[in-house]
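Hi,

Here is the structure I promised to pass on to you. Have a look at it first, and then read my notes below.

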Amino acid sequence: MRKVSLFIAMSLDGYIAKPNDDLSFLSLVEKEGEDYGYTTFTKNVDTVIIGRKTFDWVVRELGTAHYDTGERSVYVVTSDKSRVNTEHITFYADGVANLIKELRQVEGNDIYCDGGAEVINELLKHDLIDEMIISIIPVLLGDGTRLFKDGRGEQILELVEAKSFSTGLTQVHYKRKDKK
């Protein structure tokens, strides 16, 4: 079965964005030549799931070419049914849990959830994330968009690996513990 993975950065106090969807705190750990394992992680990924607000931010800041590379299928989870699909980008309005169910019925490689918080928490609510790689940025933001929200069940995780980097970033990799 296709694995669903989260690869994301957050502040030490659990925020993935400052107020107004400001991601500038990520630059605190930018280092030339260091991608914190992202390239290795994405080698086995052929599908990306992303929330509409995060997608719009990435397109605005980095351009459409960031996702529309032809290397991966991209599903943008949205409630706006008027968005027009492209060859590699599908705007999906039937709920992220349904999307995962559909994608897992099709042969393919791993599925990468690239955010945002609403999509991540909906996946967690339905226990659909198989592994999480979370990079912790050494900053306390105090406000913004929390990675983990209330309203989901308990999930037991198993540590795969923990790494620290010279920039102060710490990365933890957890997988969902098998249910007995």
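**Starting from one contact**

The side chains of Glu-131 and Ser-5 make a polar contact with each other, at 2.7 Å. Before you zoom in, keep in mind that this is a predicted model. The protein has an average pLDDT of 93, and 99% of the residues score at least 70. Confidence is highest in strand 7, at 98, and lowest in helix 2, at a mean of 87.

Is Glu-131 buried or exposed? Its relative accessibility is 9%, so Glu-131 counts as buried, the cut-off being under 20%. Leaving out neighbours within four places in sequence, Glu-131 is in contact with Lys-3, Val-4, Ser-5, Leu-6, Phe-41, His-173, Tyr-174 and Lys-175.

**Strand 7 and the sheet**

Strand 7 (residues 131–137) pairs with strand 1 in the parallel sense, over seven bridges. In that pairing Ser-5 stands opposite Glu-131, and Ala-9 stands opposite Ser-135. Strand 7 also pairs with strand 10 (residues 170–176), this time in the antiparallel sense and over six bridges. There, Lys-175 in strand 10 stands opposite Glu-131. In general, the strands of a sheet pair through backbone hydrogen bonds, either parallel or antiparallel.

How many of the seven residues in strand 7 are buried? Seven of seven, so the strand is mostly covered. Glu-131, Ile-133, Ser-135 and Ile-137 point one way from strand 7, while Met-132, Ile-134 and Ile-136 point the other way. Residues on both sides are buried.

Now zoom out. Eight strands form an open sheet with mixed pairing, in the order 5-4-3-6-1-7-10-9. Which strands stand at the edges? They are strand 5 (89–92) and strand 9 (157–164); each has a single partner strand, so one side of each has no neighbour in the sheet. On average, neighbouring strands of this sheet are turned by 20° against each other, direction ignored.

Helix 2 (residues 52–62) lies across strand 3 (45–51), strand 4 (73–77) and strand 5, and runs at about 105° to strand 3. Helix 3 (residues 96–104) lies across strands 1, 3, 4, 5 and 6, and its angle to strand 3 is about 170°.

**Aromatic rings**

A quick general point first: a pair of aromatic rings is described by the distance of the centres and the angle of the planes. The count here comes to six aromatic pairs. One of them is Phe-7 with Tyr-38, an edge-to-face pair at 5.6 Å centre to centre with 70° between the planes. Why does this pair tie together parts that are 31 residues apart in sequence? Because Phe-7 lies in strand 1 (residues 4–11) and Tyr-38 lies in helix 1 (residues 38–42). Phe-7 counts as buried, at 10% relative accessibility, whereas Tyr-38, at 31%, counts as partly exposed.

Phe-41 and Tyr-112 make another pair: their ring centres are 5.1 Å apart and their planes are at 85°, so this pair is edge-to-face. Phe-41 lies in helix 1 and Tyr-112 in strand 6 (residues 110–113), so the pair ties together parts that are 71 residues apart in sequence. Phe-41 and Tyr-112 are both buried. Phe-7, Tyr-38, Phe-41 and Tyr-112 form one aromatic cluster.

**Around helix 4**

Last stop: the loop between strand 6 and helix 4, where you will find Gly-116. Gly-116 counts as buried, at 10% relative accessibility. Apart from neighbours within four places in sequence, Gly-116 is in contact with Ile-16, Gly-51 and Thr-54. Between Gly-116 and Leu-99 there are 16 Å in space, C-alpha to C-alpha, and they are 17 residues apart in sequence.

In helix 4 itself (residues 117–125), the buried residues include Ala-117, Val-119, Ile-120, Asn-121, Leu-123 and Leu-124. After helix 4 comes Asp-127, with a positive phi near 55°.

Cheers

Methods
Residues are numbered from 1 along each chain as its sequence is written. This is a predicted model: local features need pLDDT of at least 70, side-chain atom pairs count only at pLDDT 80 or more; totals for chains, interfaces and linings use all residues. Side-chain values use heavy atoms; hydrogens and water are left out. Rings of Phe, Tyr and Trp (its six-membered ring) pair if their centres lie within 6.5 Å; planes under 30 degrees apart count as stacked, over 60 as edge-to-face and the rest as tilted. Helices (H or I, at least four residues) and strands (E, at least two) are DSSP runs, numbered from the N terminus. Buried means under 20% relative accessible area, exposed over 50%, partly exposed in between (1.4 Å probe, protein chains only). Two strands pair if DSSP finds at least two bridges between them. A polar contact is a pair of N or O atoms within 3.5 Å; within protein, one must be able to donate a hydrogen and the other to accept it, and residues adjacent in sequence count only if both atoms are side-chain atoms. Contact means heavy atoms within 4.5 Å. Axes are lines fitted to C-alpha atoms, for helices over the stretch in contact, and angles run from 0 to 180 degrees between N-to-C directions. pLDDT is the predictor's confidence in each residue, from 0 to 100.
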